[in-house]
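Dear colleague,

I am handing over the structure below, and my notes on it follow. Please read them with the coordinates open.

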Amino acid sequence: MRKKRAKKRILLPDPKFGNTTVTRFVNNLMLDGKKSTAFKVFYNALNSIAEKIQDEEALVVFQKALENVMPHVEVRSRRIGGATFQIPMQIRPARKVSMAMSWMIKFARKRNEKSMAEKLAYEILAAYKEEGASIKKKTEVHRMAE
């Protein structure tokens with residue numbers, strides 16, 4: 001590398017829960033710099049999760065869903081001699097979280113519910129119950145690594 005490594009930016013905790021993971025998720029969810037809209041969508045999704053699951057707090061459900069989606073290994077292309085090999089490697093913690101978040105948001109956008117808040121709520125619930133498209137993606141990545 002010619003230049004020095006970029007500094008990690010410090011994220012401010014979100015206003016409602018005081019959690020930096022929520023802020024990071026909302027930053028990934030945001031389109032066209034509309035952060036307040038992204039926060040509204042996320043909080044509405046958590047409210048509908050809270051209505052559906054009374055026995056646990058919505059933020060705990062979200063964090064558990066995120067943990068369920070996080071992959072542990074992935075394949076990386078490695079060039080040895082003239083051939084390229086797919087080599088399974090451990091994923092660093094920050095990348096695990098970012099992959100899980102992007103998968104959840106990507107598959108939430110593809111769902112068929114009416115609003116984005118509903119789509120996100122159903123995707124989080126599916127990930128919490130260890131089913132749905134984002135969990136399928138995780139198992140696919142793990143299977144490739146095996």
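To begin with a side-chain contact at a ring, the charged end of K16 sits over the ring of Y43, 5.0 Å from its centre (a charge sits over a ring if NZ of Lys or CZ of Arg is within 6 Å of the ring centre and within 35 degrees of the ring normal). Please bear in mind that this is a predicted model, in which local features need pLDDT of at least 70 and side-chain atom pairs count only at pLDDT 80 or more, while totals for chains, interfaces and linings use all residues. Residues are numbered from 1 along each chain as its sequence is written, and side-chain values use heavy atoms, with hydrogens and water left out.

Y43 also belongs to a cluster that ring pairs build from F17, F25, F39, F42, Y43 and F62, and a search of the whole structure finds six aromatic pairs (rings of Phe, Tyr and Trp, the last by its six-membered ring, pair if their centres lie within 6.5 Å, and planes under 30 degrees apart count as stacked, over 60 as edge-to-face and the rest as tilted). The rings of F25 and F62 have centres 5.0 Å apart and planes at 75°, so this pair is edge-to-face. It links distant parts of the chain, with F25 in helix α1 and F62 in helix α3, 37 residues apart (helices, H or I of at least four residues, and strands, E of at least two, are DSSP runs numbered from the N terminus).

Both F25 and F62 are buried (under 20% relative accessible area, with exposed over 50% and partly exposed in between, for a 1.4 Å probe and protein chains only). Leaving aside residues up to four places away in sequence, F62 touches V22, F25, F42, L46 and I124 (contact means heavy atoms within 4.5 Å).

The largest nonpolar core holds 39 residues, of which F25, F42, I49, F62, M104, L120 and I124 touch the most other members (such a core is a set of buried Ala, Val, Leu, Ile, Met, Phe, Trp, Tyr and Cys residues joined through side-chain atoms within 4.5 Å). Two or more residues come from each of α1 (20-29), α2 (35-52), α3 (58-69), α4 (93-109), α5 (116-128) and α6 (133-145), and α4 gives the most, with nine residues.

Finally, strands β1 (residues 73-80) and β2 (residues 83-90) run antiparallel and are joined by eight bridges (two strands pair if DSSP finds at least two bridges between them). They form a hairpin with two residues between them, and G81 in the turn has a positive phi of about 70°.

With best wishes
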